[in-house]
Amino acid sequence: MNDEEPKREEGGDPDEDGETGAEGGNPVPSSRRSLEILGLAGVAALTIVTLTFLMVDWLSGLPVFASLYEGFLLAGSWADHLLGTSLFGYPSILRQVSTGLLVGVSAPLVGVFVVHKQMALIGETLAHTAFAGVALGLIATAFVSVGFVQDSAILLFVALLVSVAGALGLQVLTEKSRGYGDVPIAIVLSGSFAVGTLIISYGRDRMALAIDVEGFLFGSLAIVTAEGARMMAVLTVAVVALVTYNYKQLFFVTFDEQAAKVAGFDVRWYNSLLIVLTAVVVVGAMQILGVILVAAMIVVPVAAASQVSKSFRETVYLSVIVGQVSVVGGLAFAVSYSLPPGGSIVVVAIAFYLLAVATARYS
């Protein structure tokens, strides 16, 4: 199976929801289905715990949440004792890990539509657009000071606005321009990065920039702040809710826009929704993965899942599982050997992709 269309069983059509690839096809083995359910349950449990911790961390100043907050820190200390580490008893580390785990859910969930719509480069383009947003955010933090808002929160908010605006602008440019469809994507990709570098170079010569720009380029646990982790939590909940609510429509528009128009779907609206969701995920994920590597978590887990899945829905499930496991394995590898988290996570994800390619014929 390639990344552009769902798996087809011999003599059948793509199947969105069923247990078989086509009418009369071979059913998915019960053991395989059980493993998928177990994996999804693990991802769901980990995500719920992560979101709960970030909410409790945010409200830890209130008496009702103070004991819960201490409970999370105690659980982290026990995890350190069992693993022989000295990391998880610190709130900052728990926030950083929580942010990575949420990226492992939201990025593949959006990526499964992006990849099958043959828009894999969109993630890379929006990442570069987000970098221009980071550059503008750095300038904004130098001139604007809001007492109750941290500089990092202003930076991420500006990056989010710029990325969403760039996503919608890219869609309009693609629709209006003549020639090959990927030309506007290439122009926006290189142009936004050029604008970002110019803004940062200009700012460095005229003001003190207190935030590590290289961290946003290559990814770093150190740049994940409490505000950044909470923003990722809110964005993840929004992404999961919108994809779940609009799943049927996004599926239809992804594989057959003409039929979707005939059926009465507002194709332009759903295309806009998908590209905005991608921009939102990119901004949240670049804290951990960096601008250069953030697109990999949108594409690679989906590519791996596509090799072995028997339906589109199964591709969605396996993509999220691969994304989550890649984040856990990558962070463990990065912490163990003092390596950048972004590169470690992507290498683990690519390893899953290569394993899926090697075993695809036996799936």
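Reply:
**Inside the fold**

Serine 326 counts as buried because its relative accessibility is 0%; here buried means under 20% relative accessible area, exposed over 50% and partly exposed in between, with a 1.4 Å probe and protein chains only. Before we go further, please note that this is a predicted model, in which local features need pLDDT of at least 70 and side-chain atom pairs count only at pLDDT 80 or more, while totals for chains, interfaces and linings use all residues. Residues are numbered from 1 along each chain as its sequence is written, and side-chain values use heavy atoms, with hydrogens and water left out.

Serine 326 sits in helix α13; helices (H or I, at least four residues) and strands (E, at least two) are DSSP runs numbered from the N terminus. Setting aside neighbours within four places in sequence, serine 326 is in contact with Ile345, Val348, Ala349 and Phe352, where contact means heavy atoms within 4.5 Å.

Here is the wider setting. The protein chain has 14 helices and zero strands. Of its 363 residues, 50% count as buried. Among contacts in the chain with a separation of 6 or more, 74% come from residues 24 or more positions apart.

Now to the core itself. The largest nonpolar core has 87 residues, and those with the most contacts inside it are Phe113, Val239, Met286 and Leu289. A nonpolar core is a set of buried Ala, Val, Leu, Ile, Met, Phe, Trp, Tyr and Cys residues joined through side-chain atoms within 4.5 Å. Helix α11, residues 267–289, gives the most to this core, with 15 residues. A second, separate core of six residues includes Ala304, Ala305, Val308 and Ala356.

Which residues does methionine 286 contact beyond its neighbours within four places in sequence? They are Ala130, Val134, Leu156, Ala159, Gly215, Phe216, Gly219, Val291 and Val294. Glutamine 287 is also in helix α11, and this residue counts as buried because its relative accessibility is 1%. Not counting residues up to four places away in sequence, glutamine 287 touches Thr99, Leu156, Gly219, Ser220, Ile223, Val224, Thr225, Gly228, Ala229 and Met232. Glutamine 287 and threonine 99 are 188 residues apart in sequence, yet 8.4 Å apart in space, C-alpha to C-alpha.

A search of the whole structure finds 11 aromatic pairs. Rings of Phe, Tyr and Trp (its six-membered ring) pair if their centres lie within 6.5 Å; planes under 30 degrees apart count as stacked, over 60 as edge-to-face and the rest as tilted. The centres of the phenylalanine 265 and tyrosine 270 rings are 6.3 Å apart and their planes are at 75 degrees, so this pair is edge-to-face. Tyrosine 270 counts as buried, at 11% relative accessibility, whereas phenylalanine 265 is partly exposed at 27%. Phe113, met above among the core residues with the most contacts, belongs to a cluster in which ring pairs link Phe113, Tyr247, Phe251, Phe255 and Phe312.

How big is the largest pocket? Its volume is about 740 Å³, taken as the space filled by probe spheres set on grid points that are joined across faces, edges and corners. On a 1 Å grid over the protein atoms alone, a pocket is an open set with protein on both sides within 12 Å along at least five of seven lines, and lining residues have an atom within 4 Å of a point. Of the 27 lining residues, Phe88, Leu94, Val97, Leu101 and Leu331 are the closest to the centre. Helices α1 (30–58), α2 (63–83), α3 (91–116) and α13 (312–337) each give two or more residues to the lining. By class, that lining has 20 nonpolar, seven polar and no charged residues; Ala, Val, Leu, Ile, Met, Phe, Trp, Tyr, Cys and Pro count as nonpolar, Asp, Glu, Lys and Arg as charged, and the others, Gly among them, as polar.

Leucine 73 is in helix α2 and counts as buried, at 14% relative accessibility. Not counting residues up to four places away in sequence, leucine 73 touches Gly89, Pro91 and Leu94. From leucine 73 to glycine 89 there are 16 residues in sequence and 5.2 Å in space, C-alpha to C-alpha.

For contrast, consider two loop residues. Glutamine 118, in the loop between α3 and α4 (120–143), is exposed with a relative accessible area of 60%. Serine 338, in the loop between α13 and α14 (341–359), counts as exposed at 70% relative accessibility.

Key
On a 1 Å grid over the protein atoms alone, a cavity is a set of points where a 1.4 Å probe fits but cannot get out, and a pocket is an open set with protein on both sides within 12 Å along at least five of seven lines; lining residues have an atom within 4 Å of a point.
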